[in-house]
Amino acid sequence: MLRGALLQPVVARAAFACGLPVLVACSGTLDAGSDRPRETLPVGPENPVILSNDGPYDNWHGEYAVLLAHAGGPALAGIVVSTGGAWFDLDSNFSGWQELVTRARESGLASIPDPIRSPSAPLERPDDGNVDSTAANDSEGARFIVQKSSELSRSDRPVVFATGGRLTDVADAYLIDPTVTDRVIVVASLGTGFSADEQVARMGIPNGEMDPWANAVVVQRFRYVQVSAYYDQLADVPAERVAELPDNPLGVWMGAKQPDILATPLASDQVSVIALGIPGFTLGVTHVSLSGVENDEPMLVPDRNGTGWLVTASDGAAATARFWELLLEPATFGR
């Protein structure tokens with residue numbers, strides 16, 4: 001069990017007072033009967049995004065990101081490629097993401113950035129349990145986050161780190177430059193939401209189990225958005241629609257990748273960027289706060305006065321519909 005600083009309240013930075021709360025998401029139902037105004041996310045299409053993931057083939061994280069970047073945002077400021085779980089081969093991960101970028105550019109999406117390789121190991125919990133005693137990796141990805149956020153962030157428009165993997169690099173960014181938390185909001189496809197028998201959201205499987213201590217760093221030091229509202233990603237490009245994909249290199253890439261998309265909704269890492277770029281995806285949110293840790297998983301619970309938010313429902317059909325609008329719209333590819 002994690003101890004020490006993780007059991008203390010989440011540090012509330014000045015930005016929280018400006019209406020930029022920590023945000024946590026999960027699947028569930030709308031708050032029926034509430035007379036409170038409907039809450040919205042503190043980030044959206046106007047925020048530049050640094051995408052982060054490991055394997056490139058099991059979901060549509062990258063494809064959603066490159067398409068949305070050319071259709072109203074969020075703009076893609078960088079792609080950080082790491083390892084995690086079954087996707088332990090950094091060379092393979094990186095070459096796959098580079099191919100996606102190349103095919104997108106060849107199809108007319110010219111402003112897609114090259115991916116950044118970030119070899120790093122999960123962070124280790126220090127003996128005193130203090131986040132600020134953690135030894136930094138000083139990884140390439142962490143340095144990129146610090147640099148790019150310094151270039152692009154504004155007080156009213158922080159950079160978003162949208163991840164579908166472990167939180168190691170963004171936690172490491174804090175360890176090498178604590179001021180990065182003033183410039184970056186973390187939006188993570190990670191963990192699970194409320195279950196039927198307990199009102200607790202957890203920072204574990206999927207993705208959170210790969211670096212529990214990085215979770216501890218992020219949830220205490222960053223403005224944080226956990227998107228646990230997954231959906232059936234097989235509906236995005238079912239086999240019967242492969243022939244409808246655009247006749248360009250990106251369409252060919254997607255058609256070849258389609259059989260490898262994982263069936264489990266927990267693999268739909270793209271929810272971290274969909275929540276920003278497709279407003280209709282997020283249907284309901286509620287306040288949450290950090291309550292403690294169980295089996296190395298930070299636990300987030302409902303709290304009307306909490307500095308976090310929980311997405312209680314999402315609309316996968318809205319995401320799929322927008323995906324196909326972008327794929328089939330000639331203007332997307334400059335035609």
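Me: Which ring does the charged end of Arg241 sit over?

Reply: That would be the ring of Trp324, with the charged end of Arg241 placed 3.8 Å from the ring centre. Keep in mind that this is a predicted model. There's another case to look up too: Arg117 lies over the face of Phe94, 5.5 Å from the ring centre.

Me: Okay, and how many aromatic pairs does the structure hold?

Reply: It holds 5 of them. Here's the general idea: you describe a pair of aromatic rings by the distance of the centres and the angle of the planes. Now try Tyr64 and Phe323: their ring centres are 4.0 Å apart and their planes are at 10 degrees, so we call this pair stacked.

Me: Where do Tyr64 and Phe323 lie?

Reply: Tyr64 is in helix α1 (residues 61–69), while Phe323 is in helix α8 (residues 316–328), so the pair ties together parts that are 259 residues apart in sequence. Both Tyr64 and Phe323 are buried.

Me: What about the rings of Tyr174 and Phe222?

Reply: Check the angle again. Their planes are at 70 degrees and their centres 6.5 Å apart; planes over 60 degrees apart count as edge-to-face, so that's the label for Tyr174 and Phe222. Tyr174 sits in helix α4 (residues 168–176) and Phe222 in the loop between α5 (212–221) and β8 (223–227), so this pair links parts 48 residues apart in sequence.

Me: Is Phe222 buried or exposed?

Reply: Phe222 is buried, with a relative accessible area of 0%. Tyr174 is buried as well, at 6%.

Methods: Residues numbered from 1 in each chain as written. Predicted model: local features only at pLDDT ≥ 70, side-chain atom pairs only at ≥ 80, totals over all residues. Heavy atoms only, no water. Phe/Tyr/Trp six-rings, centres within 6.5 Å; stacked < 30°, edge-to-face > 60°. Helix = DSSP H or I, 4+ residues; strand = E, 2+ residues; numbered from the N terminus. Buried < 20%, exposed > 50% of the residue type's maximum accessible area, 1.4 Å probe, protein only. Lys NZ or Arg CZ within 6 Å of the ring centre and 35° of its normal.
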